[in-house]
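Please keep the sequence and the structure in view while reading.

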Amino acid sequence: MTRFQAQLPVYYWEEPETSDAESAPSLRVRSCTSGVTVVTPQLPSGLAGEARETALRALLDDFVGRTPLAVRWYYTPMMLGFSRHLSAQCTVYDCMDELANFRFAPPELIPLEQELMALADVVFTGGYSLYEAKRDRHANIHPMPSSVDRLHFAAARGDLPEPADQQPLPRPRFGFYGVVDERMDLALLAAVADARPDWSFAILGPVVKIDPADLPQRPNIFYLGGKDYADLPGYVAGWDVALMPFAINEATRFISPTKTPEYLAAGRPVVSTPIVDVVRHYGGLAGVRIAATAEAFVAECEAALALAADTHGNWRTEVDAALADLSWDNVASRMQALVDAAIGAKATRAPVVPIARPRNTHYDYLVVGAGFAGSVMAERLAAGSGKRVLVIDRRPHIAGNAYDHLDDAGILIHKYGPHIFHTNSADVFDYLSRFTEWRPYEHRVLAQVGEKRVPMPINRTTLNELYGLSLSTDAEAEAFLASRAEPVETIRTSADVVVSKIGRELYETFFQCYTRKQWGMDPSELDKSVTARVPTRTNTDDRYFTDSFQAMPADGYTKMFAAMLDHPNIDVMLGVDFADVREQVSFGKLVFTGPIDEYFDHRYGKLPYRSLSFRHETLDQAQFQEVGTVNYPAESYPYTRISEYKHMTGQVAERTSITYEYPCADGDPYYPIPRPENQALFKRYEALAIGTPEVVFVGRLATYRYYNMDQVVGQALATYRRLAEQESAGHDVAASVAAE
């Protein structure tokens, strides 16, 4: 990174080298002209396992003992084993490939990556496909697609001396450089070479993890070995077309090849197999040809060869425009800004440091899920009953869907959409008050109807503004709504609820399209409980909720959860799945807060859930909208609402952060879909749960109920009290599904 190179020493710790000599472990240190110091451990051969880790840890401690660390930057989780104990201002996981999918990946790679994800302050991925696969595993993860040193490779467009080993190769020439391993489609290479024996194929790079004897041997295929980075433009200058004959397999599923922009910067058309990120970012360029079969690959090579001969064509102009912003300097600047932001945010966040592995040999309770249900249960079991508790969560953070964090602008945002706390339960409010101070906040929502924004839920002001009325009393508003209401003989669905109270026009304006977007189905297909949650008022109260207690945690939800889990009897493991932990951890009883159907391996089929996706934006203006949330009920808007967090947090800043909310069918389960057939399916799982010993199912997902936050807290407190009473009475705690 430019800033660190300018202000702090940068050390690159290489993979260890081994020697047959029985010498003591040592370090080879060399300085590069870039300012980076390369450190290479030297280990005696035969050193493996814990002995190898111990030797590396000792070498590292001796080296960095004199060097303060600003950033720990990991390009592989395999180096975590001997370095996890080091402290730094920021930990970065630079995940450039899905290493677990590579041939001969060590079995410890996956658990080490889970641990690194939990420790990292910021994660970078080597492309969008890899980002999409991992984005739910870290709260601060960013795609960094491959970029290019354009000036370095643009030299290939001029006259460069022909490398001696490539000079004898007949023209036309098709070239590839890179590691030759399981990611290369060797059968494709052989088939193309057989189809066109008059073409020459120059393959540059080391052969790794495959037997060189397995390489296709043809008179027109030339394996030239590994080359220095500085020499690559000279080789590419002698090619007519650049190739990327990648196999389509697990090892290439998420790759974003750097060589694509490098070949293009060198002025060579590219022929590639359909790698997702190549198609996504470069497939629209005339200079990039995509082919999935050997026959098609030959045809695209012929087209690329004709393109290369067209010296007056504009395809290179198109390429240069596409590469204009793809410089390593730009990538480095973006990374630097994110690292700086992570360091700044870390100073203001609660010190939640997940343990890498269980500290105890046995736990009284294993709690699956670190959201409201799991955290309340864990705190009560630990503080109220003295139990040793391990809390795990597959996400890399605590607080579940209520997780909040400071974004790059310093605004406290909710990663999973706005969470507004409200309750009529003094017990619930008093309990949570043990772990947070509160900021009084009454949520207000407007609905965008045409060019107007009117209060939601519907109240007297809504009716006056929408219809140009001057209703002045509750009675007048009630009479107006009654005049529009349509009698429904038997109220069964959400549509029946609304139409019977306020009529079809208001139903269609505010509820029908919004519900279709939110739930993926018409209100006439949903249980009456869905729209019954949203009242209609005849007064001018424009608060979204009317509960006795309405407030936001003063320092955010995440800090409240951190305080809740800050108990000597509680350990926390993040970024791990229950399936990975259940056989590795000794525990007495289980509290499960995940989807109940998932626990039983979807024996009767999956319970239907509705999911959400979010688009977070930071704007260069102090305020975006009048209230915390604006609903968009019309179908012309793809999102259902936009929320602005400064209304909720009370922060004062020159910039503001907002979130667009998009309901969707796929993704994390958020809302159980309330339909009779879904409830019937849940009852089958509930019967399994009741017959499962030593397991307590609690929370929205585990009990398939559409609970608010306070209701989940109340359910968890009631469940704990029942467990405590049973244990104090000497009864074994049988399986249960938390009662409503």
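Leaving aside its neighbours within four places in sequence, F372 is in contact with A402, L432, Y557, M560, F561, M709, V712 and V713; contact means heavy atoms within 4.5 Å. The model is a predicted one, in which local features need pLDDT of at least 70 and side-chain atom pairs count only at pLDDT 80 or more, while totals for chains, interfaces and linings use all residues. Residues are numbered from 1 along each chain as its sequence is written, and side-chain values use heavy atoms, with hydrogens and water left out.

**Cores**

F372 and L432 touch the most other members of the largest nonpolar core, which has 90 residues. A second, separate core has 54 residues, among them A237, V270, V278 and V319. A nonpolar core is a set of buried Ala, Val, Leu, Ile, Met, Phe, Trp, Tyr and Cys residues joined through side-chain atoms within 4.5 Å. Buried means under 20% relative accessible area, exposed over 50%, and partly exposed in between, with a 1.4 Å probe and protein chains only. In soluble globular proteins, nonpolar side chains tend to be buried together.

**A seven-stranded sheet**

Helices (H or I, at least four residues) and strands (E, at least two) are DSSP runs numbered from the N terminus. Two strands pair if DSSP finds at least two bridges between them. An open sheet of seven strands, with mixed pairing, runs in the order β22-β21-β27-β28-β29-β26-β30. β22 (452–456) and β30 (671–672) are at its edges and have a single partner strand each, so one side of each lacks a neighbour in the sheet.

Within this sheet, β29 covers residues 656–664, and nine of its nine residues are buried. In a regular strand the side chains alternate between the two faces of the sheet. On one side of β29 are T656, I658, Y660, Y662 and C664, on the other S657, T659, E661 and P663, and all are buried. The pairings of β29 are listed below.

| Partner of β29 | Sense | Bridges |
|---|---|---|
| β26 (residues 609–619) | antiparallel | nine bridges |
| β28 (residues 641–644) | antiparallel | four bridges |

S613 has Y662 of β29 as its bridge partner, E644 has I658, and R641 stands opposite E661.

Q518 lies in helix α18 (residues 504–519). Is Q518 buried or exposed? Q518 counts as buried because its relative accessibility is 8%. Not counting residues up to four places away in sequence, Q518 touches R610, L612, T640, P663 and Y671.

I502 belongs to helix α17 (residues 494–502) and is buried, with a relative accessible area of 2%. Beyond four places in sequence, I502 touches I458, L481, R484, A485, Y507, F511 and T536. I502 and S483 are 19 residues apart in sequence, and their C-alpha atoms are 8.3 Å apart in space.

**The whole chain**

The chain has 26 helices and 32 strands. Of its 740 residues, 52% count as buried. Its C-alpha trace spans about 95 × 65 × 50 Å along the principal axes. Among contacts between residues at least 6 apart in sequence, 71% join residues at least 24 apart.
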